[in-house]
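How do packed helices sit against one another in this predicted model? Two packed helices are described by the angle between their axes and the distance between the axes.

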Amino acid sequence: TLRQRWQPFDAPQSQEGMSIFLSTLFALSGPHGLKRKKRLAMLGHFRCVSRFAPAVWSLNLLLLQATSQFTDSEKSVLSTTVYCIMRQQAPPCIPDDKLFEHSRVFFAFLLGFRKADDNLTEKFAMISSVRAGRPIPCRGS
């Protein structure tokens, strides 16, 4: 099902937690989502916190509403990364399976504690999957 694709790897979340997580992502990426500068600053701060480029790219695609390009593995990467960060930061009294019930707080902090220069690190470019016209030689082969 759709929610299973969004479940963090090896840490299933409650139905309420998944609903809160997905609705928060929808609110951030919806028609009244983040403006470009605020989005880039949030992504820069997320990169500083996560130190995992594939998760930053996944969040970028989502915030750009490029959901037709959003694969199941990108859903898993994003949710698992958010889960790991939240598990490190959340009080131990919150059970593992109820962590996403607090994901609104995570994204609020991600937005609220970003720095003005966090957007300077974020430069995204689409790489074409079209094969090169002639092969590129590699040394040593």
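H4 passes H5 in a left-handed crossing. The two helices, H4 and H5 (residues 72-89), pack at about 110°, and their axes lie 8 Å apart. An angle from 65 to 115 degrees counts as roughly perpendicular, so H4 is roughly perpendicular to H5.

On the H4 side, the contact uses Pro54, Ala55, Trp57, Ser58, Leu59, Leu61 and Leu62. H5 answers with Glu74, Val77, Leu78 and Thr81. By class, this contact of H4 with H5 has eight nonpolar, two polar and one charged residues.

H4 also packs on H3. H3 spans residues 36-50 and H4 spans residues 53-63. The crossing of H3 and H4 is right-handed. Their angle is about 155°. Angles over 145 degrees count as roughly antiparallel, and H3 and H4 are therefore roughly antiparallel to each other.

From H3 come Arg39, Met42, Leu43, Phe46, Arg47 and Ser50. They meet Ala53, Ala55, Val56, Leu59, Asn60 and Leu63 in H4. The residues of the contact of H3 with H4 comprise eight nonpolar, two polar and two charged.

Ala55 and Leu59 of H4 meet H3 and also meet H5.

The packing geometry of each pair is set out below.

| Pair | Angle between axes | Axis distance |
|---|---|---|
| H3 and H4 | about 155° | 9 Å |
| H4 and H5 | about 110° | 8 Å |

How values were computed:
Residues are numbered from 1 along each chain as its sequence is written. This is a predicted model: local features need pLDDT of at least 70, side-chain atom pairs count only at pLDDT 80 or more; totals for chains, interfaces and linings use all residues. Side-chain values use heavy atoms; hydrogens and water are left out. Axes are lines fitted to C-alpha atoms, for helices over the stretch in contact, and angles run from 0 to 180 degrees between N-to-C directions. Helices (H or I, at least four residues) and strands (E, at least two) are DSSP runs, numbered from the N terminus. Angles under 35 degrees count as roughly parallel, over 145 as roughly antiparallel, 65 to 115 as roughly perpendicular and the rest as oblique. A crossing is left-handed if the near helix is turned anticlockwise from the far one by less than a right angle, and right-handed if clockwise. Contact means heavy atoms within 4.5 Å. Ala, Val, Leu, Ile, Met, Phe, Trp, Tyr, Cys and Pro count as nonpolar, Asp, Glu, Lys and Arg as charged, and the others, Gly among them, as polar.
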